[in-house]
Amino acid sequence: MDNSAFEMHDDATQNVPCVGKMNTVSRMEKKRQWSLMRIFLVCLLACTVTTAVGVLILSLVYTNNSQPHSEPKLQATTIPILQRAVDPKFKFLNHLPKSKVFEFPGGAIQWARYRNNAKDYLSIEEEAFGSSLNSQRSQMTLGTLRIKSNGLRAPHWHFNANEHGYLVQGTAWIGVVDDGHVVTTFNVTAGQVIFFPKNTLHWIKNVGDEDCFFLLFFSTHDELQTLDVDDVFFSTPEDIASRSLKPEGGINFIRTFHKQKEDQGVNLPPNLVELVTNASYAQSPDSLVWKYFYDLKGSKEYRFPGGTIQLAQYWKNGSGLSTNEKIFSEFLNQHQNALTLSTLRIYNNGLRQPHFHLNANEMGYVISGCAKVGIINTQGTTEFNIHIGDVIFFPIGTQHYIKSACDEDLFFILAFSTGDQLQTLDMDDYFQATADHILAQLFFKKQSEFKKVPKFKDDQAINLP
């Protein structure tokens, strides 16, 4: 058919399937392109999220590192860990000869005491002992004082403690000024005791040829607070000192005083002979002296099979005391937080049997000999050896024992944190005082078995095998 119009219609009819195929291919291509786009978008989103998380983590790490955090605290907490690692015996034992020696022109001082600043301790063992004194509220500090011949422990007073001293060696002249402006002076020799109430001005002068060596006990478990007269003088404004003392020459005389570079706590000027030309060492009446003095070596000796004890303390019943001893006993009891002093001698192989004190902590210094010490408390039993110069501490109510372990006698100076009469209970006493049927039930033993535990006529506080 030559009709062109028809021919065109025919061609159109023939092209319909081709157009359909092309449309199908186009749709499939578009779908494939959309799928790829979706995959790309998902990957892009994942990368974005991952990057954001990474940045967040890095920011947190950086922030954490740039701010103060737990590292300093970790360093701080290592101190208690070290303290816990210290042998428990050092809560009760101080090797005083290893402690710091405070040197002065006229002598030296060493301390077994609590320190406010832990850096002042020389060792963690020393810190354990000082912390134990403080945590137990022991009301006890110990110091040794060595004064050279002609040396002077400068006039001073203590804000927060009474002071009790035992002279181990030498001869000294003591001065005390009380609140009534009464001056009491007296001499002491080895084996005698001195007592200075809190805030009482006093001095100690060595008047012998050999060194004086004192054991000093203070009734505080805090850091001791002391003022020396020279320090007070140089801290006082010149005009105030001049108006107070009213010397000839007034303030110009005050200005002639010059503070020494070295601490004069224990004083000994090199030109002493030029400075002092007429020294007198007066002795006050006994009625004054025995307030501050006690002849411990001359007092009653309590004898036991394994040793002896002497006491400088308050006695409720003073009928057995001399007139002078009564003065000391009653004066001691008038002062709050006063101490009791005692000597303890244990013969070779002797035992101060297990006991505890009902009303006092105990502190002791080894003068001679050696021993094994045992302490029994709620944490168990702690045993250790002690030697000359060691200091021991037994908290109130803690059962303890001391067994001499050398050929020579063990000789202790002991202080107890009570101004009342010391109260003590020994193991054999409370064992005997407990009904045997109670003991039988407690120890799962027949009641008759406890008849094997003897009761002695002599006090066995210090016994021998």
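**View A. Bridge partners glutamate 362 and phenylalanine 416.** Glutamate 362 has phenylalanine 416, in strand E24, as its bridge partner. Strands E19 (residues 362-368) and E24 (residues 410-416) pair in the antiparallel sense over 6 bridges; strands are DSSP runs of E with at least two residues, helices are runs of H or I with at least four, and both are numbered from the N terminus. Two strands count as paired if DSSP finds at least two bridges between them. The model is predicted: local features need pLDDT of at least 70, side-chain atom pairs count only at pLDDT 80 or more, and totals for chains, interfaces and linings use all residues. Residues are numbered from 1 along each chain as its sequence is written, and side-chain values use heavy atoms, leaving out hydrogens and water.

**View B. The open sheet of 7 strands.** The strand order is E1-E22-E19-E24-E17-E16-E15, with antiparallel pairing. Strands E1 (93-95) and E15 (302-304) stand at the edges with a single partner strand each, so one side of each lacks a neighbour in the sheet.

**View C. The disulfide of cysteine 370 and cysteine 406.** A search of the whole structure finds 1 disulfide (a pair of cysteine sulfur atoms within 2.5 Å). This disulfide joins cysteine 370 to cysteine 406, with an S to S distance of 1.6 Å. Cysteine 370 lies in the loop between E19 and strand E20 (371-377), and cysteine 406 in the loop between strand E23 (399-404) and E24, 36 residues apart. The torsion about their S-S bond is about 110°, so the disulfide is right-handed. Both cysteine 370 and cysteine 406 are buried, where buried means under 20% relative accessible area, exposed over 50% and partly exposed in between (1.4 Å probe, protein chains only).
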